[in-house]
Amino acid sequence: IPFGYVVFPQGVVQDSRWTDAILTADYAANVNWTMFGNVKNTFSGGAQLIQHETSDVIGWSQGFAGPGEATVSGGASQVAQEDRMRVVTAGFFFENRVGVANNLFVTLGLRVDGNSAFGKSLGLQPYPKISASYVLSDASFWPRSLGPMKLRPAWGQAGRAPCPLDARKTDHAVRY
């Protein structure tokens with residue numbers, strides 16, 4: 001609001017700066033080897049890091065000495081507010097897949113994630129998984145006219161990253 005305005009004759013200025021930065025780092029590796037001629041193994045492992053930072057700074061000022069370029073630091077009355085938040089999620093995984101005769105496969109895996117919402121302990125959470133598959137259409141009893149068919153049971157756990165302040169406990173009890 002410029003100097004000389006009817007409602008605020010000495011002028012008002014506000015400046016807001018907002019930043020949002022996301023840093024990600026991922027690494028994954030596989031190692032393959034064969035045992036007993038027809039048993040193939042694939043071991044996988046890796047890690048992931050996600051860091052999300054936001055910053056919001058607002059400056060407000062009023063009461064300038066005269067017209068001209070108004071800055072937040074130039075007013076007689078100044079107010080500032082700053083908010084910052086940093087959330088880090090990190091995890092690692094291991095998985096081994098065993099294939100027998102290229103038609104029976106078993107996979108065991110584990111992912112472990114941690115999040116800064118839970119403080120220094122990171123609140124590590126494991127997510128196991130297991131699956132198997134068998135290519136039925138490779139079996140001698142399978143009618144070729146039905147085309148390819150695979151049977152695959154699987155079980156696993158998954159989760160969602162917590163919100164930044166989920167670790168803080170509050171008392172929601174109602175007192176009369």
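Student: In which strand does T107 lie, and is T107 buried or exposed?

Tutor: T107 lies in strand 4; strands here are DSSP runs of E with at least two residues, and helices are runs of H or I with at least four, numbered from the N terminus. This is a predicted model, where local features need pLDDT of at least 70 and side-chain atom pairs count only at pLDDT 80 or more, while totals for chains, interfaces and linings use all residues. Residues are numbered from 1 along each chain as its sequence is written, and side-chain values use heavy atoms, with hydrogens and water left out. Buried means under 20% relative accessible area, exposed over 50%, and partly exposed in between (1.4 Å probe, protein chains only), so at 10% relative accessibility T107 is buried.

Student: Which residues does T107 touch, not counting those up to four places away in sequence?

Tutor: Contact means heavy atoms within 4.5 Å. With residues up to four places away in sequence left out, the residues that T107 touches are E95, N96, R97, K129, I130 and S131.

Student: K129 is in a salt bridge; which residue is its partner?

Tutor: Side chains of opposite charge can pair when their charged atoms come close. A salt bridge is a side-chain nitrogen of Lys or Arg within 4 Å of a carboxyl oxygen of Asp or Glu. For K129 the closest N and O atoms are 2.5 Å apart, and the partner is E95. The pair links distant parts of the chain, 34 residues apart, with K129 in strand 5 (residues 125-135) and E95 in strand 3.

Student: How many salt bridges does the structure hold?

Tutor: R17 forms one with D15, the closest N and O atoms being 2.7 Å apart. The side chains of R111 and D113 form another, at 3.0 Å from N to O. In the whole structure, the number of salt bridges is four.

Student: How many bridges join strand 1 to strand 2?

Tutor: Two strands pair if DSSP finds at least two bridges between them. Strand 1 and strand 2 run antiparallel, and the number of bridges joining them is 24.

Student: What is the phi of F36?

Tutor: Strand 1 and strand 2 form a hairpin with three residues between them, and F36 is in the turn. Most residues other than glycine have a negative phi. F36 has a positive value, near 55 degrees.

Student: Which strand gives the most to the nonpolar patch?

Tutor: Patches are made of residues with over 30% relative accessible area and no salt bridge; like charges are joined within 9 Å, and nonpolar side chains (Val, Leu, Ile, Met, Phe, Trp, Tyr) within 5 Å. Accessible areas come from the Shrake-Rupley method with a 1.4 Å probe, and for residues only the protein chains shown count as cover. V31, W33, M35, F36, F43, F92 and F94 make a nonpolar surface patch of about 700 Å². With three residues, the strand that gives the most is strand 1.

Student: F43 and F94 form an aromatic pair; what is the angle between the planes?

Tutor: Rings of Phe, Tyr and Trp (its six-membered ring) pair if their centres lie within 6.5 Å; planes under 30 degrees apart count as stacked, over 60 as edge-to-face and the rest as tilted. The search of the whole structure finds two aromatic pairs. F43 and F94 are 6.3 Å apart centre to centre and count as stacked, with an angle between the planes of 25 degrees.
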